Amino acid sequence: MEIRELQGYASFFMTIFLVVMLYWYIVYLYRSEKKGEKDYEKLGNIALDDEIDSPPINTSDPLPSENKEQNK
Amino acid sequence: MQSNAALEYDYSVAKLFTYTAILFGFVGMLIGTLIAAQLAFPELNYLLGEYGTFSRLRPLHTNVVIYGFTLSGVWATFYYSAQRVLKVSMAESKFIMFLGKFHFGLYLVAAVAMVLTLLMGITTSKEYAQMEWPLDIIIVVIWVTWGLAMFALIGIRREKALYISMWYFIACFLGVAMLYLFNNMEVPTYFASGGVGSMMHSVSMYAGTNDALVQWWWGHNAVAFVFTVPIVAMIYYFLPKESGQAVYSYKLSLLSFWGLMFVYLWAGSHHLLWSTVPDWMQTMGSIFSVVLILPSWGSAINMLLTMKGEWNQLTENPLIKFMVLASTFYMLSTLEGPIQAIKSVNAIAHFTDWIPGHVHDGVLGWVAFMIMAALFHMAPRMFKREIYSKKLIEAQFWLQTTAVVLYFTSMWIAGITQGMMWRAVDEYGNLMYSFIDTVTVLHPYYAIRALSGVLFLTGFLMFAYNMVKTMTSSRKLEEEPQFSSPMA
């Protein structure tokens with residue numbers, strides 16, 4: 001097999017792999033929110049509440065336990 | 001030990017880059033307007049001897065607006081917004097302050113050297129990579145310094161989650177770092193020729209088609225990682241902040257980010273359609289360009305939806321007007337580009353004026369609008385004064401919007417006319433028109449483009465005047481505005 005043919009296969013399979021990764025990422029984002037493990041939408045507030053002395057938002061952390069219960 | 005209450009964000013570096021953004025914006029656009037006029041009225045080529053010719057000034061225009069105006073705008077907004085979204089002040093670390101000031105100082109030296117060398121005709125002749133090797137080395141140092149400052153700020157942050165703008169700034173840093181190094185691998189002709197050539201003139205380490213591929217891998221990704229990624233970073237921070245509305249969908253912003261990163265790097269070969277590049281590579285460039293619509297529109301629609309229920313702000317706040325129109329021009333430009341990358345369309349569009357038309361609805365309508373709006377937003381916070389004149393911003397908005405529309409519509413017509421005339425053959429298969437026939441037909445459109453340049457430049461002068469008055473003589477503010485920027 002020539003190097004160019006190998007490059008062609010490598011390029012094709014890498015594209016497929018990255019597409020699968022991207023779709024997996026979409027599923028991961030929605031699933032982790034549904035399970036109550038993360039709340040990505042609250043991260044949007046980082047731009048709004050950006051005073052140096054305002055408390056960090058850090059909502060990628062797990063939600064409080066009562067929210068978890070509600071989401072189950 | 002300093003308490004949090006005494007801490008303030010430090011905008012000294014952001015201010016320095018704001019000044020250079022205004023300066024280089026004016027210089028770059030002035031040269032752009034002049035060369036647009038030269039295309040319509042060729043006698044304007046002879047104003048300043050060799051230094052005033054189109055061929056000498058065109059690279060100067062592109063380099064000054066890209067690396068002077070745009071990068072200054074990117075770094076001004078970075079040094080402003082990164083502190084805020086990370087909730088950490090540059091003043092908290094002497095090392096970061098040093099890096100920021102060193103970054104600016106070296107950048108200013110390189111920018112002045114770039115202007116002088118290009119004016120003197122010292123160039124590698126590779127589009128958007130014209131700077132010769134000594135400057136390339138300085139640019140690597142500047143870029144690494146920025147990276148150090150960015151990661152040092154990230155390292156001491158209080159806000160653990162990185163806001164989406166930071167992802168885009170990081171991508172800008174990494175993307176340009178990788179591509180710039182590969183594309184600027186060059187050897188001075190003095191060494192390549194065994195002592196006959198010059199130390200100040202270099203040739204690429206790649207040859208022929210390979211050189212073209214690497215060049216456009218870089219060239220297109222200069223558009224991606226200088227004109228798109230950091231500008232998206234800006235809009236994700238400044239539009240929500242100015243409007244007081246959190247980004248419509250944070251998850252969509254994450255998806256669009258990874259989509260953009262995945263797709264953009266593969267699209268560069270669309271610059272080489274119908275050339276000696278392997279056919280499969282051209283097709284790949286076309287396909288990835290079309291797919292690129294999705295992540296681009298993902299961000300743009302996300303921004304428009306951020307204004308959901310708050311569209312009244314569009315009439316009340318001219319900065320929102322600028323940013324919403326910037327987002328709209330981003331959509332137009334990222335739809336137009338993929339259309340041009342379709343091989344059959346490209347057969348007409350390639351080498352015609354439609355291409356600079358496309359570039360300019362992106363750079364004027366998207367990049368420049370967004371940078372000016374961001375600097376306007378920053379001004380009351382950095383200088384603790386309200387914006388000098390709302391009326392002037394309104395007038396500037398309409399003047400510049402008219403300019404952008406005149407630019408791209410005239411170039412659409414010119415480009416398609418040109419492409420059709422170049423290809424037209426008579427019943428025997430002979431070409432129907434010579435090159436000068438197309439030039440004659442295109443003259444009115446070139447004149448319209450020159451006029452649009454004058455309008456946009458006038459608008460930029462209004463922006464510069466408004467900014468200078470804001471810095472020096474506008475009403476002082478007692479406290480920092482939370483969302484909407486105060487203006488007289």
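Modeller: Start with helix 2 of chain B, which is mostly covered, with 28 of its 33 residues buried. Buried means 20 or more other C-beta atoms within 10 Å of the residue's own; exposed means 12 or fewer; partly exposed lies in between; C-beta atoms are placed from the backbone. Helices here are DSSP runs of H or I with at least four residues, strands are E runs of at least two, and both are numbered from the N terminus. The model is predicted: local features need pLDDT of at least 70, side-chain atom pairs count only at pLDDT 80 or more, and totals for chains, interfaces and linings use all residues. Residues are numbered from 1 along each chain as its sequence is written, while chains are lettered from A and ligands numbered from 1 in the order in which they are written.

Colleague: Which residue follows helix 2 of chain B, and what is its phi?

Modeller: Most residues other than glycine have a negative phi. Lys87(B) follows the helix with a positive phi, near 55°. It is not a glycine. Lys87(B) sits in the loop between helix 2 (54-86) and helix 3 (94-119) of chain B.

Colleague: Is Lys87(B) buried or exposed?

Modeller: Lys87(B) is buried, because 23 other C-beta atoms lie within 10 Å. Now take Trp274(B), another non-glycine with a positive phi, about 60°. Trp274(B) belongs to the loop between helix 8 (250-264) and helix 9 (279-291) of chain B. Trp274(B) counts as exposed, because it has 11 other C-beta atoms within 10 Å.

Colleague: What does the length check give for helix 7 of chain B?

Modeller: Its 36 residues should span 52 Å; the end C-alpha atoms are 50 Å apart, which agrees. Helix 7 of chain B has a kink of about 30°, centred on Asn221(B). Of its 36 residues, 32 are buried, so the rest of the structure largely encloses it. Just after it, Gly244(B) takes a positive phi of about 75°.

Colleague: Which residues touch the most other members of the largest nonpolar core?

Modeller: A nonpolar core is a set of buried Ala, Val, Leu, Ile, Met, Phe, Trp, Tyr and Cys residues joined through C-beta atoms within 7 Å. The largest one has 151 residues, and Ile235(B), Met323(B), Ala326(B), Met370(B) and Ala373(B) touch the most other members. Helix 7 (residues 208-243) of chain B supplies the largest share, 22 residues. Beyond residues up to four places away in sequence, Ala373(B) touches Phe238(B), Leu319(B), Phe322(B), Met323(B) and Ala326(B). Contact means that two C-beta atoms, placed from the backbone, lie within 7 Å.

Colleague: What does Phe104(B) contact outside its sequence neighbours?

Modeller: Leaving aside neighbours within four places, Phe104(B) contacts Val13(B), Leu16(B) and Phe17(B). Phe104(B) lies in helix 3 of chain B. It is buried, with 25 other C-beta atoms within 10 Å. Phe104(B) and Leu16(B) are 88 residues apart along the chain, yet their C-alpha atoms are separated by 7.3 Å.

Colleague: How many residues does each chain give to the contact?

Modeller: Chain A gives 21 residues and chain B gives 27. On the chain A side, helix 1 (3-34) and helix 2 (45-48) each give two or more residues. Helix 1 of chain A gives the most, five residues. By class, that side has 13 nonpolar, five polar and three charged residues. Ala, Val, Leu, Ile, Met, Phe, Trp, Tyr, Cys and Pro count as nonpolar; Asp, Glu, Lys and Arg as charged; the others, Gly among them, as polar.

Colleague: Where is Ile52(A) placed?

Modeller: Ile52(A) is in the loop between helix 2 and helix 3 (65-71) of chain A.

Technical notes
The expected span of a helix is 1.5 Å times one less than its number of residues. The bend at a residue is the angle between axes fitted to the seven residues ending there and the seven starting there.
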